[in-house]
Structures are given as structure tokens and as C-alpha cells.
There are 2 protein chains.
Amino acid sequence: MIIPALVDYVYANPDWLVFVIAAALTLFIGVLLVLANRSAQLKFSLRQAFLMTTLSWIILPGFAAMPFMLADPNISYTDAYFEAMSGITTTGSTVMSGLDLMPPGLLLWRGVLQWLGGLGIIIMALTILPMLRVGGMQMFKVEAFETQEKVVPRAASLASWLVTIYVALTLICGLSLVWAGMSPLDATVHAMTTIATGGYSTKDASVGFFRSAAVDWIIVVGMIVGAIPFLLFVQVVRGRPLALFRDTQVHWFLGTVLFAVLVVAWWLWDEGGMSVLDALRYAAFNTISVMTGTGYATADYWQWGGVVGGAPVAVLFCLMFVGGCAGSTSCGIKVFRFQILGAMAAIQLRRLLQPHGVFIPHYNKKPIQEGVAEAVMAFFFMYALSVAFLAMLLGMTGLDHVTAISGSATAISNVGPGLGDVIGPAGNFSTLPDTAKWLLSAGMLMGRLELFTVLVLFVPRFWRD
Amino acid sequence: MIIPALVDYVYANPDWLVFVIAAALTLFIGVLLVLANRSAQLKFSLRQAFLMTTLSWIILPGFAAMPFMLADPNISYTDAYFEAMSGITTTGSTVMSGLDLMPPGLLLWRGVLQWLGGLGIIIMALTILPMLRVGGMQMFKVEAFETQEKVVPRAASLASWLVTIYVALTLICGLSLVWAGMSPLDATVHAMTTIATGGYSTKDASVGFFRSAAVDWIIVVGMIVGAIPFLLFVQVVRGRPLALFRDTQVHWFLGTVLFAVLVVAWWLWDEGGMSVLDALRYAAFNTISVMTGTGYATADYWQWGGVVGGAPVAVLFCLMFVGGCAGSTSCGIKVFRFQILGAMAAIQLRRLLQPHGVFIPHYNKKPIQEGVAEAVMAFFFMYALSVAFLAMLLGMTGLDHVTAISGSATAISNVGPGLGDVIGPAGNFSTLPDTAKWLLSAGMLMGRLELFTVLVLFVPRFWRD
Ligand SMILES: [K+]
Ligand SMILES: [K+]
């Protein structure tokens with residue numbers, strides 16, 4: 001599906017660069033696959049792994065930015081790099097407007113970037129990140145799954161299973177969208193950016209353009225699928241259909257989604273005067289879009305506050321930080337970290353009543369490994385600190401405080417749109433100063449690589465000896 | 001100073017209720033002192049301590065609200081309770097306007113409430129809170145200080161030292177303000193609410209009314225004093241002048257203050273076109289007012305964003321959560337918790353490079369006691385969760401999202417003014433719906449009692465057996 005489309009694009013814009021870039025990206029995925037297959041035998045040092053991971057995610061957007069510059073001679077390199085970084089990290093913040101009139105090849109390129117970025121992060125979440133032990137990701141070592149469940153294939157075939165399932169889910173989503181009335185190009189791009197929880201659209205008005213309940217609901221399902229650990233899908237297709245329903249991260253994710261959608265829908269119905277079906281549709285679409293960090297919009301949801309009070313806006317703003325499940329394409333703090341933080345807080349409360357009691361925190365009915373709770377808590381703290389720090393830096397470039405704070409949050413959480421008139425769902429990042437765009441690019445990278453992968457490079461000890 | 005003023009008030013408004021309430025509050029402080037003297041021998045159960053602490057802080061504002069109702073027959077009980085809770089918790093959010101024309105007795109009553117609330121929390125921070133072990137406060141057990149330093153008097157005389165120093169500092173602040181040109185009443189109220197980092201003023205325009213650099217700088221010093229652990233002052237007057245300069249919490253507090261003031265001042269000077277002295281004065285006053293959670297204003301600082309970009313506003317919004325030092329009258333997350341969180345995050349970074357290394361977090365050059373780091377991290381998480389949750393509830397009462405989110409933050413951090421037109425430094429809480437006022441009162445209480453003291457009452461286990 002992608003290869004022919006790319007070929008079309010290359011025919012229409014016969015430029016060798018596109019080949020080179022596509023090749024580089026494919027190579028990147030290839031390297032990830034090789035790493036996946038070999039992770040057991042691999043013996044390169046931790047420092048090399050940290051450095052290679054971060055560097056590859058800095059350099060790739062540099063190449064991926066080229067097609068944007070070729071397509072539009074007026075675009076600056078800053079804008080092109082921002083757009084590419086936003087694509088590869090599946091953030092979906094855009095500096096481009098007039099999407100409806102843009103050459104199909106470019107729209108496709110944006111979709112492909114997010115789709116490859118999403119695939120890249122799924123594979124990384126099962127291979128490199130647990131090895132690096134960033135933010136408690138060691139909990140998701142495949143070995144751990146293997147010994148306990150025995151249904152996960154060996155690492156060698158696991159990666160190919162992941163790719164197959166990723167492609168299959170994208171195909172199903174795309175075909176459903178064609179069935180709902182989208183053109184093949186629109187369906188392809190939206191399918192790719194839905195499963196990748198990326199959020200790039202082919203229209204300035206985002207998915208709101210299509211004014212179709214069917215499209216909305218298909219994408220709702222697609223975004224939820226994109227925010228669920230893909231390893232579970234592998235277990236399902238390999239004959240363990242219940243794996244999906246036994247995972248506590250999935251329970252909490254779906255529970256939170258359901259609760260938030262109902263609260264927002266009730267508000268839109270009771271105060272906003274929508275019909276029940278419309279309220280459910282708009283609530284589900286926009287809430288799930290924000291929580292999974294996809295960033296599509298069918299309404300300028302930050303304006304809901306003016307009509308129906310601040311509750312839905314406050315709910316959405318908080319959900320932005322939550323994100324989906326670890327091991328999926330979505331970003332944010334992630335549901336499992338909130339579960340662990342909640343377990344730790346509950347233990348604190350019990351310890352207040354029994355100061356000498358011994359309490360062991362559990363996750364998925366097993367005791368949490370040593371070091372994981374501390375790592376998760378440190379992650380949460382660094383997340384808050386990073387959002388605050390980036391917001392200050394953005395404020396120093398002259399942005400107003402709503403744009404600075406929400407821009408920082410949306411970049412680090414890889415959501416896409418911010419809050420307010422400038423970068424809200426109805427706005428665009430193009431008017432920001434160049435410095436702000438580079439800062440936001442750095443924020444997206446940090447958020448996508450779970451903060452610590454990047455931060456560790458700033459520890460002097462990293463470079464010593 | 002207070003007793004005669006109270007007598008004057010009672011003469012002008014001969015009402016027995018004022019006596020009763022003043023007596024109740026004095027009794028409360030008295031009980032705290034008794035607890036302080038006996039903490040070693042005391043044998044009542046932990047549950048009783050939690051329940052008594054929370055209940056007393058719920059019931060006292062109920063009485064303290066009476067004078068407001070007597071003075072103004074039109075004020076609702078909700079407003080009066082809100083004002084009293086805001087006073088006792090040293091928050092300083094107000095529903096009253098027309099302060100400039102209000103009877104002196106009422107202005108004095110507001111000041112006395114904050115002053116007693118500030119004294120109450122200092123004594124609690126050295127007696128009850130460490131015993132309850134909430135949010136890592138066990139680090140500040142007086143016994144710990146005693147064994148290591150040997151210069152702290154026994155608990156019996158410690159409390160009287162604290163009261164003496166608290167009175168003396170208020171006197172010095174008040175006399176300085178009289179010297180700077182304030183009337184005795186204004187000076188008394190402002191001295192009391194400065195040292196208590198409370199923020200109630202005698203003017204609608206807050207300290208900005210006086211248009212005096214001398215007043216501003218005196219209050220700057222007073223707010224800093226109010227945000228420093230009072231135990232250190234006891235050590236200083238008992239012949240250990242260096243104690244103040246050896247405490248790492250004080251270092252970090254003053255360092256943060258200095259850095260933030262310089263950033264904001266530079267901005268006001270460079271972008272806002274102020275003279276260097278004016279920039280320093282406005283930056284110091286408003287930054288320190290927000291960070292220590294005092295909540296005075298000499299400018300509507302949230303409007304600075306419109307003139308000079310979002311940086312100062314973002315800095316101030318973040319500082320609101322930081323607060324002062326533990327053991328002072330200020331609230332917020334507190335500096336020592338950020339130090340511990342920072343130490344834990346630093347260890348995480350080192351552990352990424354040496355997965356099998358053993359790292360022990362330190363505070364004030366000593367290893368952090370077992371359980372403290374977890375308690376601090378859980379506190380940080382619950383703080384974020386509480387602010388988010390209260391913001392949602394406030395949004396449900398119909399507030400816009402800026403008012404809901406900043407109102408939640410300002411209540412739980414006991415700062416006072418929020419952000420935006422409604423509850424900003426130039427605004428007032430009187431127009432909020434009653435439900436919102438009760439929610440905010442609950443938020444102030446939770447923030448003041450370090451969250452867990454209140455939250456533990458909602459654990460079912462608390463009420464069992
Ligand atoms: K996104
Ligand atoms: K205050």
C-alpha cells in the first residue's frame with residue numbers, strides 16, 4: 001500500500017532525495033529489527049545505546065525534512081525540521097496550512113513519517129527502552145513475558161509479528177475509512193496517522209472536515225487500538241484472545257477513557273444542548289484524541305469551556321499528560337506509571353496508620369520489581385519539571401503564557417495541538433519564532449524517548465572515562 | 001500589641017462572641033503548646049491524632065467566621081466560613097471588597113486569624129506533623145535535631161521560644177512599617193500577615209496601595225523570614241548564628257528566590273522598559289509574594305505576560321507550587337521535597353549508567369531516612385492529583401478553565417490570588433458559586449495539613465476496628 005503510493009509520488013516528483021530518505025528510514029527500522037532479533041547476544045555498552053538512540057532520532061528528521069523543502073521552496077529549514085520531528089515522534093503539531101490543496105505526495109509523506117515513527121517506537125519499547133531501564137520500562141522486558149506466559153514467540157519472530165500486526169491494523173483501518181466514504185489517499189493517510197496516534201491529517205479542519213459519524217467512530221476505535229500495548233495483539237493472534245482483557249494496564253486505560261468520555265459527553269448534553277448521540281460522538285472523539293495523544297480534532301474543544309464551564313477543558317488538559325499504555329504508539333506519562341504511583345500512594349496512606357507495617361506494592365498481581373517504583377516516581381517528577389522548564393524557555397521567546405505552557409505540555413506529551421488561539425486545534429505552529437520551534441522539537445524528542453534517554457547525555461559522568 | 005487592639009475592637013463592637021472565638025483560638029494554640037511539651041510522653045493513638053488535627057482545623061473557622069457575620073449582616077455563612085478558612089490556613093483569598101472603608105476591628109480580625117494560623121502551623125510542623133509522618137515530615141522531628149546539634153532546647157521550652165521569636169519578628173516588621181509611614185493599624189495587620197505569609201491586606205489594592213519602595217522592601221524581607229524554618233531562628237538566638245546559613249533547605253530556598261527574581265527583573269527591565277531599581281523592586285516583591293505563598297500584590301503580575309511575553313508568568317505559576325521551607329508559615333510542596341526529589345532523580349540518572357551500582361540519597365549531608373523518599377514522592381504525586389481533581393470539580397461548578405485550574409492551585413498551595421480576571425490579583429472570590437467556595441475551603445485545608453493528614457480519613461481501614 002505504501003510502496004506503490006511512494007512510487008506514484010516519486011513519479012510525480014522525480015527526485016532521488018526521496019528515495020534516499022525513504023531508504024534511510026527503512027534502514028532505521030531495519031536496524032531496530034536486527035537489534036530486536038539479537039538483543040540477547042548484543043554486547044555493546046549502555047552508553048553507546050543511549051547515544052545511538054538519541055542521535056538517530058535527532059538525525060533522521062534532518063533527512064525527513066528534505067521533501068518538505070523540495071515541495072515548497074519558501075519553507076525554512078526550521079519549519080521543515082519541526083514538521084519532520086513532529087511527524088517521526090508522532091506528535092502531529094504542524095506548521096503547514098492549506099493542506100487541502102497540497103500535493104498528494106507531501107500529504108502521504110507526512111503520513112508515512114508518523115506511521116514509521118509509530119512502528120519504530122513500538123519496537124523500541126520492547127527492545128531498547130527496557131534494556132536502558134528508563135522510567136521503569138524494565139518492567140516490559142520481553143524475557144519477563146516469555147518466562148511467565150510462554151505464548152510470546154522468541155524475540156527473533158516477535159518483531160516480524162509486530163510489523164505484520166501493525167500493517168494489518170493499518171489496512172483494516174484504511175479499508176474501513178474507504179468504506180465510510182473517504183478517498184483512497186485520505187483513507188491511507190488517516191489510517192497511518194490513526195494507528196500511530198500521530199494526528200497528521202490531509203485537511204486543515206482535521207477529521208472535522210469529513211462531517212461523518214462513521215469516520216469519527218472508526219477513528220475512535222483506531223486510536224484506542226493504537227494506544228494499547230501491541231505485544232498483547234501478538235498474544236491474541238497467537239491463540240491467547242484473553243490476554244487483551246487480562247492486562248491491568250488495558251483495564252485502567254479503558255476505564256479512564258470510558259469515565260472521561262461519559263463526563264465530557266454528559267456535559268455537552270446537559271449544558272451544551274447536544275443530542276445524546278452527538279454528545280457521545282464529539283466527547284468520544286476529542287477526549288480519546290487528546291488522551292491517546294493523537295491530536296485530531298472535530299471541534300475546537302478548548303472553546304467548550306466558554307459554553308459549558310471549565311470542567312471538560314480541565315479534564316482534557318489533565319488527560320493530555322496521561323497518555324496511553326506503554327508498548328503502544330502513544331506517548332505521555334502512560335497508564336502503568338499512574339498505576340504504580342497510585343499503588344505507592346495507597347501504601348503511604350496505609351503506612352500512616354501502621355508505621356511499622358510491611359507493604360509491598362503490586363502491579364498486575366505481581367510484586368513490583370526492585371527499583372521500578374523509584375524510577376517511575378523520578379520519571380513523574382522529571383516530567384513535571386521538564387514541562388515547567390520548557391514552558392519558561394518558550395515564554396522567554398516571547399510567547400504568551402497559555403501558548404508557552406500548553407505548547408510545552410503538548411510537545412513533551414507528543415499530543416499535537418496546544419491550547420489558545422495560536423496553537424490550539426484551530427491554530428497552527430507556523431507563526432512561532434524559530435527558537436520556539438527548535439525548543440518544541442527538543443521537547444518532542446525528549447517526550448518520545450521517555451526523557452531519561454536524552455537527559456542522561458547531560459550527566460557529566462556520561463562523558464567521563 | 002494584639003490584646004489591646006482586640007480590646008479596642010471589643011469596645012467598639014461590644015459583642016461576647018468575639019471573646020468566645022478569641023478564647024477558642026487561644027485555647028487551640030494552648031493545646032498545641034501542651035502537645036509540644038508532652039510529645040514524648042503522649043500516648044494517644046495515631047488515628048485520634050489524625051482525626052483531632054483535621055477536625056480542629058474544620059471547626060475553628062466555623063467559629064472564626066462569626067465576626068464577619070456580625071460586622072456585615074448581608075454576608076452569607078459560606079462567604080464568612082471561606083474568609084475564615086482562608087485566614088486560618090494563611091491562604092489569603094478573600095471574598096471581601098471595599099477593605100479600605102471597613103471597620104478597623106474587622107481588618108484586625110483578619111490579620112489576627114492569619115497570624116494565629118501561622119503560629120499554629122509552625123508549632124504543628126515541629127510536633128504533630130512529624131509524629132504523623134505525613135509527606136516525609138518525620139525528617140523534622142525535634143529529637144533528630146536534638147541528638148545531632150545539642151543546641152535546641154528541650155521540647156518544653158522550645159515552644160515558648162518559638163512563640164517569643166514569632167512575636168518579636170512581627171513586632172520588628174510592624175515597627176519598620178510604621179517607620180516607613182504606615183498607620184499603626186495598617187502596620188499591625190500587614191506585619192501579622194507578612195510573617196504568617198498570609199497576605200490579607202487592609203486595602204483592596206493590597207500593598208500596591210502604599211506606593212512606597214520602603215514598604216515593599218520591608219515586606220520582602222518579612223516574607224522571606226516567614227518562609228524560613230523557625231527552628232533555625234531559635235538556634236540563632238541561642239548562640240548558633242551560623243545555623244541559618246548551614247541549612248541546605250535555606251540555601252536552596254534563597255537560591256531559587258534570587259534566581260527567579262533576577263529572571264523576572266531582567267525581563268521587566270529589558271522588555272518592560274522599567275528602570276533597574278523599579279524592575280528589581282516589582283520583581284522581588286511579586287515573585288517572593290507568590291513563591292512564599294503570601295499573595296500580596298503590587299502589580300497585576302499575570303498581565304505582565306501581555307507586555308513582555310509569557311516567561312515571568314510561567315515562572316510565577318511554577319513557583320506557586322514550590323512554596324517556602326518546611327517548618328515555616330508558608331505552604332506549597334516545600335523546598336526540601338524538591339531537594340529530595342532532585343536527589344532521587346539524580347540517582348536514577350546515575351543508575352542508568354551503572355545498573356548495579358548502589359546509590360544512597362543524601363539530604364543535608366546525611367543519608368535520607370528509610371521511607372522518607374517514598375513519602376515525599378507520593379506527596380508530590382498526590383499534590384498533582386489533588387490540584388487536577390479539584391480543578392475538575394471547580395470546572396463542574398461552571399468556572400472557566402483558567403479560574404478552575406489556578407483556583408485549585410492557589411487554594412491547595414495556600415497562596416491566595418489565582419490567575420485571570422475573576423480571581424487574579426485584581427479580582428476577588430466573591431462572585432464564585434457557593435459550591436466552589438466550599439470546594440476551595442476544602443482545598444486550603446488539605447494543602448495546609450500536608451494532604452495526607454486529611455486523605456487518610458478517607459481510607460476505609462481508618463474507620464475499621
Ligand atoms: K500526536
Ligand atoms: K497566602
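A:S212 is buried, with a relative accessible area of 15%; buried means under 20% relative accessible area, exposed over 50% and partly exposed in between (1.4 Å probe, protein chains only). The residue sits in the loop between α10 (184–195) and α11 (213–226) of chain A. Helices here are DSSP runs of H or I with at least four residues, and strands are runs of E with at least two, numbered from the N terminus. A polar atom of the A:S212 side chain lies 3.0 Å from the backbone nitrogen of A:V215. Beyond its neighbours within four places in sequence, A:S212 is in contact (heavy atoms within 4.5 Å) with A:A180 and A:R281.

This is a predicted model: local features need pLDDT of at least 70, side-chain atom pairs count only at pLDDT 80 or more, and totals for chains, interfaces and linings use all residues. Residues are numbered from 1 along each chain as its sequence is written, chains are lettered from A and ligands numbered from 1 in the order in which they are written, and side-chain values use heavy atoms, with hydrogens and water left out.

**The two chains**

Chain B can be laid on chain A with an RMSD of 0.0 Å, by a turn of 180 degrees and a shift of 0.0 Å along the axis. That is the relation of a two-fold axis. The C-alpha of B:M377 is the one in chain B nearest the axis, 3.1 Å from it. The same surface serves both copies: 100% of the contact residues of chain B recur in chain A. The superposition is by least squares on the C-alpha atoms of residues with pLDDT of at least 70 in both copies.

**The potassium sites**

Donors are N, O and S atoms within 2.8 Å of the metal (3.2 Å for Na, K and Ca); water is not among the atoms, so sites may look incomplete.

| Ion | Protein donors | Distance |
|---|---|---|
| Potassium ion (ligand 1) | A:T90 (O), A:T91 (O), A:T197 (O), A:G198 (O), A:G293 (O), A:T294 (O), A:N414 (O), A:V415 (O) | 2.3 to 3.1 Å |
| Potassium ion (ligand 2) | B:T90 (O), B:T91 (O), B:T197 (O), B:G198 (O), B:G293 (O), B:T294 (O), B:N414 (O), B:V415 (O) | 2.2 to 3.1 Å |

B:T197 lies in the loop between α10 (184–195) and α11 (213–226) of chain B, and B:G293 in the loop between α15 (276–291) and α16 (304–308), so the pair ties together parts that are 96 residues apart in sequence. B:T197 is buried at 1% relative accessibility. B:G293 is buried at 4%. In chain A, A:T197 and A:G198 are both buried.

**Helix α20 of chain B**

Helix α20 (residues 401–412) of chain B has twelve residues. From first C-alpha to last, α20(B) reaches 17 Å, close to the 16 Å expected at 1.5 Å a residue. The expected span is 1.5 Å times one less than the number of residues. Ten of the twelve residues of α20(B) are buried, among them B:H401, B:G407 and B:I412. These buried residues pack against α17 (311–322) of chain A, and against α17 (311–322), α19 (372–396), α21 (420–423) and α22 (434–448) of chain B. B:D400 caps the N-terminal end of α20(B), with a side-chain oxygen 3.1 Å from the backbone nitrogen of B:V402. After α20(B) comes B:N414, whose phi is positive, near 55 degrees.

**A buried helix residue**

B:V264 belongs to helix α14 (residues 248–270) of chain B. B:V264 is buried, with a relative accessible area of 0%. Its C-alpha is separated by 8.3 Å from that of B:L280, 16 residues apart along the chain.

Conventions:
Polar contact = N/O pair within 3.5 Å; in protein donor to acceptor, adjacent residues only side chain to side chain.
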